[in-house]
Amino acid sequence: MNFHAVPPRRDGNPHEQTLEFRRPMQPIADGIFLVPGPKGGRFPFSHSVLILDRVRVLLDAGCGRETLRRIQAEFSPDLVFLSHGHPDHCSGSSVFSPSQLWTPVESRETTGRLAAMAERLIAPHLRDEWMSFMREEIDFRDFKAENTFSADASFDLGTRTLIPVHAPGHADDHYGFHVPEAEIMVCTDIDFTPFGPWYANEECDIDLFIQSIRLVRNRPMKAAVSSHLGVILDDISKRFDRFLACFDRRDERILRLLDRPAGLDELVDEAVIYRSFPVRPHILRFWERQMLKKHLQRLVRLGRVREQDGAFHRTVMDDPRKPAPHSFDRAP
Ligand SMILES: [Zn+2]
């Protein structure tokens, strides 16, 4: 599907506009900027990307309400795409009008309504705490998006094209965005952080996540944009390798803990993935548990672990490899 509903409305060279607000933005290519989020873009915030073409586009709205207000005042983006329905990517969307906002078709029913998002994203006993977290720490406010996009879309921005790349696994509705003419791939939450991939919602899927990382890395790119690290120009291929290797490394850590059989609660106490639960411990422990469960299910499927009487056992045949050193920084 090609996008022609928004007519080119800017005259002259769309990349040549003198704008005060450009200063804090980081140019990625001609007319394409990283809009840094608070805390270096770390969770629970994220970076956005602004594309100033004949059609002006903002990718994601988790870079802080004040920054988003300035973007709206100065650029009034024609299209504001939300990469997926996680609050750290859409908390400030209410700054924009419903007609500007585009959500993935997969989450059209929930994205924008915090109560519905909580129902989708967190267990019932944690929903109130999770919603307080989102309201108090990232000022999430409900919003409405009138438009949806899907994997078969392609948006003509004037001199460039924007292609949403469906990359599920992290979330069912998770998208990256490719600008082929500029060879820029916005990889969103294939984010290359030292923490590694995150898959703690019920709908997350490790195997699908791995497939999506492979799909995204196949797009031609001179620059990769991570929602939580920013612009990556060097060693992009190695970054993908390292990010992919996290899944196996976590498997191996879990297997080493299973030198003696252990139940899921004992494994959560070990904080294999989060390392510690310094803030919102109920929520972080729940996410740790969810991710552990997905690894254990996969290891059972692969015959490396078996479950008996509520405890997980490493199978006799299994011989976990030595760990590689790794550091963690996703907080929370
Ligand atoms: Zn996410």
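Asp-60 is buried, with 28 other C-beta atoms within 10 Å; a residue counts as buried if 20 or more other C-beta atoms lie within 10 Å of its own, as exposed if 12 or fewer do, and as partly exposed in between, with C-beta atoms placed from the backbone. The structure is a predicted model, in which local features need pLDDT of at least 70 and side-chain atom pairs count only at pLDDT 80 or more, whereas totals for chains, interfaces and linings use all residues. Residues are numbered from 1 along each chain as its sequence is written.

Asp-60 is found in the loop between strand E5 (56-59) and helix H1 (65-75), where helices (H or I, at least four residues) and strands (E, at least two) are DSSP runs numbered from the N terminus. The phi of Asp-60 is near 75°, a positive value in a residue other than glycine. Phe-192, which is not a glycine either, has a positive phi of about 65° and is found in the loop between E12 and helix H5 (206-217); Phe-192 is buried, with 23 other C-beta atoms within 10 Å. In the loop between strand E3 (32-35) and strand E4 (48-52) lies Pro-44, which is joined to Phe-43 by a cis peptide bond with an omega of about 10°.

In strand E11 (residues 175-179), 5 of the 5 residues are buried, so the strand is largely enclosed by the rest of the structure. Tyr-175, Phe-177 and Val-179 point one way from E11, and Gly-176 and His-178 point the other way. Strand E10 (residues 161-166) runs antiparallel to E11 and is joined to it by 4 bridges, pairing being assigned if DSSP finds at least two bridges between two strands. E11 also pairs in the antiparallel sense with strand E12 (residues 184-188), over 3 bridges. Phe-177 is the bridge partner of Pro-164 and also that of Val-186 in E12. The hairpin of E11 and E12 has 4 residues between the strands, and Glu-183 there takes a positive phi near 50°.

A further antiparallel pair consists of strand E15 (residues 305-308) and strand E16 (residues 311-314), which are linked over 4 bridges. These strands form a hairpin with 2 residues between them, and Asp-309 in the turn has a positive phi of about 50°, while Gln-308 stands opposite Ala-311 in E16.

In helix H4 (residues 127-138), Trp-130, Met-134 and Ile-138 are buried. They cover an arc of only 35° around the axis, which puts them on the same side of H4, the arc being that of the directions from the helix axis to the C-beta atoms. The face turned away from this buried side carries the exposed residues Asp-128, Ser-132 and Glu-136. The buried residues of H4 pack against helix H2 (87-90), helix H3 (114-121) and helix H8 (281-301). Just after H4, Asp-139 takes a positive phi of about 55°.

Of the 81 residues in the largest nonpolar core, Val-49, Val-57 and Phe-81 touch the most other members; such a core is a set of buried Ala, Val, Leu, Ile, Met, Phe, Trp, Tyr and Cys residues joined through C-beta atoms within 7 Å. The largest share of this core, 6 residues, comes from H8. Among the residues that Val-49 touches, not counting those up to four places away in sequence, are Ile-32, Leu-59, Val-186 and Val-225, contact requiring C-beta atoms, placed from the backbone, within 7 Å.

Conventions:
Contact = placed C-beta atoms within 7 Å.
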